[in-house]
Amino acid sequence: MISRVIEWWTVNIPPWVLIALIAHGVVMLTVAYLILLERKVASWVQDRLGPNRVGLGFGIIPIIKNWKMNGLGQPLADGLKFIVKEDYRPAGVDKILFTVAPGLMILVIVVSIAVLPWGGIRQTQRVVTVPAHTQFVTEAVQNQLAQGDQIVGNPVRIGHTDQYQVTYEYPFQIASLNIGVLFILAVLSLSVYGVVIGGWASNNKYSFLGGLRATANMISYEIPLGLAVLCIVVMYGTLDLNLLVEKQCHDWVRFIPAWNVFTQPLAFIMFLICIHAEANRAPFDVAEAEQELVGGYHTEYSAMRFALFFLGEYAGMITTSAVCVALFFGGWDFPGLRGPVGHPALSTSLIICILRAVVFYIKTLIIIFVFMWVRWTLPRFRFDQIMMLAWRALIPVSLALLMMTTVIVYVYHGNSYELLGGSMALTLLIANAVVAALVLIVSTMIPPAPATNRRLTVLGSRFNKTPLPAASPSLSN
Amino acid sequence: MKDSDVIVLEEPKLSRADQFYLPQVLIGLGTTMRHMFNVVVRGQDRVVQYPEEKREDLPVEKGGMLLKTYRGVHRLNKDEEGRVKCVACFMCSTACPARCIHIEAAESPWPDREKYPAKFDIDELRCIYCGMCEEACPVDAIELSHVYDIVGLTRQEMIFDKAKLLNVFDETVKHEPM
C-alpha cells in the first residue's frame, strides 16, 4: 500500500512540490524558533538565561507537562498569543493597504525562498511506458516526466515491451532559475514595499517616518550589495545559484575548500553589512528605532498582522543568510557530500541530497547567529552615519574591488570560465588586501566630512548670539 | 566655583583603526562573545531563578538580601492571652504618609485598656512600606513582617482587615518573634 502511494507520488507529483512544502515548512518553523534564539542570544550577551519556563507540554499535556525544556515551547505560546490577541485597526487608516502591507512583506520572502539551492542535482531512474510505434521516443518520455526533469542519455527499452528505462536528473530545489541571484536581489528589494505601505497606510507620523527611513536604507544599500554580488558573479560568469555553488566545490592545495570567503573576504564583509541594512536589523534598524519612532513602521499593528511583519523580517534574514552561504561559503559543500569530479553537484542518492540541504541549513543558521550577535553588540547608527557608510565608504570600495576582480578575471580566464585555480585565488586574496590597504591610505587624504548635527543659528534661538531685529515682520504676527 | 576649578576634557582622538570602524566592531563582538561563552559554557549567569531560588537563601555577595531588615506586609501582634495588642490610639494612622491605615475604635471589652480596634484595615496597595507605623506604635502592636510575596486578584483582596493582619501574625510569629 505505502509503496504504491510512493510510486503514484513519484510518477504524478514533480519533486519540487515536495521540496517546496518541506522548505517552506522548515523556514516558517525556523522563524518561530529564531525569535527564541534571538531572545536567548540577547540574554546570554547580558549575562541572563532567557526564556526557560515554557516546555512543549504547556502544563497541559500529561507526562511532559512539567518539563521546561529550556523554553522550547515559548515560540508556540507566542504564536498562539498573536492569534488570540485582538486584531485592532485604528480609525483613519487606509483599510486595504493596511491589510495588504504585511501580506506583501511575507509574500516576497516566500517567493524568494524558491531559488535557494538546497542540494545540488539529483540523478535518478524510472520506468516509463511509451505507446508502441512512437517515432520520437525521447520526446514522448520527456512529456511524461515532470517539468524541470532533464533526460540523461537515451531511454533504454526493456526487452520488447513498451517500457523504457529512463535516467533523468532534477535540481534539488524548488525552482532552478538561471538568473537565481538576480531574482533574489530583485524580489528582496520589493520587501521594502511592505514596510513603506505599512508605514503610510497607518496614518501615523512615526510609522510614516519609519517607512521613509526604510526606503532610504534600502535604496542606499542595494547598490553596494549588488556590487559585492557582482564581484562573485564575474568570477564565475553565471547567475545560477546552483552553478555558483557547484563551482566552489573543489579544494585548493587539497584541504582549503574553494569557498569565495577565502578569495573575496572584503566582498563578503561588504555583503554582510549590506544584508544587515537590507534586513533592517541593528545597527541599521532606524526604520523601527524604538527610542525614536515608538515601533517604527509597525507602530499601529497588532496581533496577526504584526506577527506577519515579524515573520517577514526574520524570514528575510533567513533568505539573505542563505544567499550569503551560497555565494561565499560554498552552499551545501561539505567533505563527503560532493559528487563526481567535474560535476560535484550531481548525486544519485536521495540521502546525500537531504544531507546537503541539512548542511546548507546549518550554515545559514550560523550566519543568522552572526546577525543576532551583531545586533546585541553594536548600538544603532545615526541616520546620517548610515547614509555616509553606504555612499562614502561601501560604494567606492565595492567599485574598486569590482574593478580589481574584473581585471584579474580577464587576465586569468580570458573569455572562458574554468574552475578557480589556486594561483588565481591567491591573487584575488591579495587584491582584496590591496583594496583594503588603499582604502586606509586614501581615507587619510579625504577631507573630513562637514560636521553633522551642528547647531543651526535659528533667528532668536538660544544658540544665536546676534540679538533679534527690532521689528521683524516674520516674527511679529 | 572659580575658572581654575573647571576641568576641560577633550574627546579622545580617533586612531586610524577607530576611524576604519571594523577593528573596533570586532573587539566589541569579542566582548559579547566572551559573555555568551561565560553564560552558556561556564554557567556564569547572574540570574536568580525566583520561585526555586530566593534571594534570602543566597549569600549577600551573590545577590542575596537580608530579611532581618526587610519591611514586608504588616501584622497585628497579639499578647500572651491571644488578644490584639492594639489600643486604637491612632498613632500609626496619623504617622502614615500614605494614609493607608483605617481604624475604627470601640470600647474595650477588657479591663486593662480603654479602647481597642473594632476595625483595622490597611490598604496594602497604597502602603509604601516605610515602617513609620511601626515606629509610632506605643505598644508594639503593629509591625512589618518579612513576607514580601503577597498577591491578590482584586484590589479588595489587597485591603487587609483585622482578621487577616492577625493571621499574618500567627503565620510569621514562629520565624519572627516580636
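In this two-chain model, 14 residues of chain B are in contact with eleven residues of chain A, two residues being in contact if their C-beta atoms, placed from the backbone, lie within 7 Å. This is a predicted model, in which local features need pLDDT of at least 70 and side-chain atom pairs count only at pLDDT 80 or more, whereas totals for chains, interfaces and linings use all residues. Residues are numbered from 1 along each chain as its sequence is written, and chains are lettered from A and ligands numbered from 1 in the order in which they are written.

**The side of chain B that touches chain A**

- Helices α1 (16-20) and α2 (22-40) of chain B each supply at least two residues of this side, and the largest share, eight residues, comes from α2(B); helices (H or I, at least four residues) and strands (E, at least two) are DSSP runs, numbered from the N terminus.
- By class, the side of chain B that touches chain A has seven nonpolar, four polar and three charged residues, where Ala, Val, Leu, Ile, Met, Phe, Trp, Tyr, Cys and Pro count as nonpolar, Asp, Glu, Lys and Arg as charged, and the others, Gly among them, as polar.

**Chain B overall**

- Chain B has five helices and five strands, which follow the pattern α-α-β-α-β-β-α-β-β-α along the sequence.
- The radius of gyration of chain B is 27 Å, whereas a compact globule of 178 residues would have one near 16 Å; the radius is taken over C-alpha atoms, and the globule rule is 2.2 Å times the number of residues to the power 0.38.
- The C-alpha trace of chain B spans about 90 × 55 × 30 Å along its principal axes.
- Of the 178 residues of chain B, 15% count as buried, a residue being buried if 20 or more other C-beta atoms lie within 10 Å of its own, with C-beta atoms placed from the backbone.

**The sheet of chain B**

- Three strands form an open sheet in the order β2-β3-β5 (chain B) with antiparallel pairing, two strands being paired if DSSP finds at least two bridges between them.
- The edge strands β2 (101-107) and β5 (159-160) of chain B each pair on one side only.
- Strand β3 (residues 115-123) of chain B pairs with β5(B) over two bridges in the antiparallel sense, and B:Phe160 in β5(B) is the bridge partner of B:Ile122.
- Helix α5 (residues 162-172) of chain B packs on this sheet, touching β3 and β5 of chain B, and its direction makes about 85 degrees with that of β3(B); axes are lines fitted to C-alpha atoms, for helices over the stretch in contact, and angles run from 0 to 180 degrees between N-to-C directions.

**Chain A**

- Chain A comes to 16 helices and six strands, and buried residues make up 40% of its 477 residues.
- An open sheet of four strands in chain A has the order β2-β3-β1-β6, with mixed pairing, and its edge strands are β2 (150-157) and β6 (346-347) of chain A.
- β2(A) pairs with strand β3 (residues 163-171) of chain A in the antiparallel sense over five bridges, and A:Gln150 stands opposite A:Glu169 in β3(A).
- The axes of helix α10 (residues 265-278) and helix α12 (residues 303-328) of chain A come within 10 Å and cross at roughly 170 degrees; α10(A) and α12(A) are therefore roughly antiparallel to each other, the term used for angles over 145 degrees.
- Among the residues making this contact are A:Phe268 and A:Phe271 of α10(A) and A:Phe328 of α12(A).

How values were computed
A residue is buried if 20 or more other C-beta atoms lie within 10 Å of its own, exposed if 12 or fewer, and partly exposed in between; C-beta atoms are placed from the backbone. Angles under 35 degrees count as roughly parallel, over 145 as roughly antiparallel, 65 to 115 as roughly perpendicular and the rest as oblique.
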